[in-house]
Amino acid sequence: MSSYYESEDLKKFAGIGEHAKELADDFFRYYGSVTGTDGALSKREKALIALAVSHALKCPYCIDAYTTQCLETGSNPEQMMEAVHVAAAMQAGITLVHSVQMQNHLRKMVL
Amino acid sequence: MQVKAVRESSKYDFDEVLRRRGIDLPPLAIDTLQVNVTKLCNQVCRHCHVDASPSRTEKMSPEGIARCLEILERHPQITKLDITGGAPELHPGFDAFVERAVALGKQVMVRHNLTVQLDGNPQTKESKEYLPPFFAKNRVEVISSLPYYQEFFTDAQRGSGVFRKSMEAMKRLNEVGYGIDGSGLVLNLVYNPVGPYLPAPQAGLEADYKRELKAKFGLVFNGLFTMTNMPINRFRLHLDKSGQYDAYMEKLLAAFNPAAAASVMCRNLISVGYDGRIYDCDFNQMLEIDAIDRAGRPLTIFDFAFERALARPIRFDGHCLGCTAGAGSSCGGATAA
């Protein structure tokens with residue numbers, strides 16, 4: 001049975017260059033220099049951020065890739081789980097802070 | 001249940017990887033005699049390349065030990081004896097082997113799994129609590145596997161309760177001076193991943209281990225060696241069962257590092273099996289890939305000739321990709337960090 005998000009498909013990521021090679025090359029160069037190097041943030045810190053973003057944006061490819069990357073850069077399961085909680089808390093906060101908009105509008109709607 | 005050694009498929013042809021890159025890796029020296037004295041172990045680790053366990057009975061004969069000592073005595077070029085197993089302390093001739101090698105002026109390293117101090121011999125029930133002062137008296141370099149500074153990963157790989165016992169055993173080593181600045185008694189730890197991924201950079205992990213073990217348990221050690229899991233024996237079985245073998249091999253292949261290849265440990269040591277056969281490394285030993293001379297004849301300690309062994313062609317196979325991936329891997333940790 002075919003389905004979306006086959007884990008084997010992650011290997012085909014480089015295939016985004018088909019029909020748009022220069023743009024893909026630009027992207028991968030940028031992606032590599034942002035995520036694959038120690039800079040003002042270490043690769044370990046970047047991997048934890050990426051893991052959190054992977055969950056927030058619900059990308060199974062990225063969750064697999066950055067779970068491995070976190071392990072290979074020395075993070076432990078507690079740190080990884082905490083990073084996911086940061087993503088979850090941010091999403092909850094983002095949802096809740098929008099209630100200010102709801103309340104603003106509510107006040108306009110109430111005599 | 002013992003696991004049958006499985007060699008890598010030709011799909012991951014290490015010799016071809018070297019040929020394609022124009023890399024030649026002859027032996028450079030034989031400065032270390034690594035001796036696997038027994039497959040008996042008090043633990044049953046999930047990744048163990050030796051397939052060691054409490055039920056194994058293979059052990060080096062007294063004649064084999066004597067021959068190793070004779071080789072050490074006759075060859076000043078071989079400055080180090082690295083004793084491994086199994087849990088090498090469970091060999092009945094272990095203490096005398098250490099003492100005689102020390103008397104010959106050799107640097108003696110013992111691959112000590114920590115828990116054997118508390119578990120003792122699983123077959124004879126002999127206590128091994130004397131080991132810390134014994135090691136200290138002989139100024140043995142102690143090298144101990146501790147897959148992580150937390151219980152979860154360590155017990156997952158080495159068995160339930162191993163982490164807590166390891167902390168107690170480290171405490172006993174610290175108490176006799178191991179890992180303490182100025183004592184000259186060296187305690188190095190070994191990290192290896194608990195699954196099919198590469199080790200994190202050695203220096204960063206060492207700092208983590210030192211900080212966490214000191215803060216949580218008051219323990220100290222000297223250095224951390226990161227090692228990559230070799231795709232052989234029990235770990236290979238896990239990879240096969242979980243359908244991750246090809247992905248792991250492709251990861252190792254993609255991470256091939258010529259600098260790590262140049263520093264592979266087989267260029268500087270020979271590995272001796274319990275039966276006296278010689279191998280290029282402990283992994284080849286478990287795959288029964290004998291070291292051979294230029295004429296193709298297997299090498300043994302019983303007809304050892306230094307120049308013949310030094311001139312041997314090192315025998316590589318797919319698993320060697322484990323030693324050349326990323327920052328490299330050896331019994332002394334990363335080779336290209």
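Which residues are buried in α5(B)? They are Leu131(B), Pro132(B), Phe134(B), Phe135(B), Ala136(B) and Asn138(B). Buried means under 20% relative accessible area, exposed means over 50%, and partly exposed lies in between, with a 1.4 Å probe and protein chains only. Helices (H or I, at least four residues) and strands (E, at least two) are DSSP runs, numbered from the N terminus.

This is a predicted model, where local features need pLDDT of at least 70, side-chain atom pairs count only at pLDDT 80 or more, and totals for chains, interfaces and linings use all residues. Residues are numbered from 1 along each chain as its sequence is written, chains are lettered from A and ligands numbered from 1 in the order in which they are written, and side-chain values use heavy atoms, with hydrogens and water left out.

Stay with helix α5 of chain B, residues 131–138. Six of its eight residues are buried, so the helix is largely enclosed by the rest of the structure. The cover over those buried residues includes α3 (94–103), β3 (107–111), α4 (116–119), β4 (141–145) and α7 (162–175) of chain B. After α5(B) comes Arg139(B), with a positive phi near 50 degrees. Most residues other than glycine have a negative phi.

Now step back to the whole of chain B. It has 14 helices and eight strands. Its radius of gyration is 19 Å, close to the 20 Å that the globule rule gives for 337 residues, so chain B is as compact as a globular protein of that length. That radius is taken over C-alpha atoms, and the globule rule is 2.2 Å times the number of residues to the power 0.38. The C-alpha trace spans about 50 × 45 × 40 Å along its principal axes. Of the 337 residues, 58% count as buried.

Contacts in chain B also reach along the sequence. Contact means heavy atoms within 4.5 Å. Take the contacts between residues at least 6 apart in sequence: 72% of them join residues at least 24 apart. The accessible surface of chain B comes to about 13,200 Å², and carbon and sulfur atoms hold 52% of that. Accessible areas come from the Shrake-Rupley method with a 1.4 Å probe; for residues, only the protein chains shown count as cover.

Next, look at Asp280(B). It sits in the loop between β8 (278–279) and α12 (282–286) of chain B. Its relative accessibility is 1%, so Asp280(B) counts as buried. Its side chain makes a polar contact of 2.6 Å with the side chain of Arg312(B). The side chain of Asp280(B) also reaches the backbone nitrogen of Arg315(B), at 2.9 Å. A polar contact is a pair of N or O atoms within 3.5 Å; within protein, one must be able to donate a hydrogen and the other to accept it, and residues adjacent in sequence count only if both atoms are side-chain atoms. Leaving aside neighbours within four places in sequence, Asp280(B) is in contact with residues including Cys266(B), Leu269(B), Pro313(B) and Ile314(B).

Another aspartate of chain B is Asp51(B), in the loop between β1 (32–36) and α2 (62–74). Asp51(B) is buried, at 3% relative accessible area. Its phi is positive, near 60 degrees.

Turn to chain A. It has five helices and zero strands. Its radius of gyration is 19 Å, well over the 13 Å that the globule rule gives for 111 residues, so chain A is more spread out than a compact globule. The C-alpha trace of chain A spans about 60 × 35 × 35 Å along its principal axes. Of the 111 residues, 21% count as buried. Among contacts in chain A between residues at least 6 apart in sequence, 46% join residues at least 24 apart. The accessible surface of chain A is about 8,300 Å², with 65% belonging to carbon and sulfur atoms.

His19(A) lies in the segment before α1 (21–35). It is exposed, with a relative accessible area of 80%, and phi of His19(A) is positive, near 80 degrees. Phe27(A) is in helix α1 and counts as partly exposed at 30% relative accessibility. Beyond neighbours within four places in sequence, Phe27(A) is in contact with Phe13(A) and Ile16(A). Ala56(A) is in helix α2 (residues 43–56). Ala56(A) is partly exposed, at 22% relative accessibility. Leaving aside neighbours within four places in sequence, Ala56(A) is in contact with Ala87(A) and Gln91(A).
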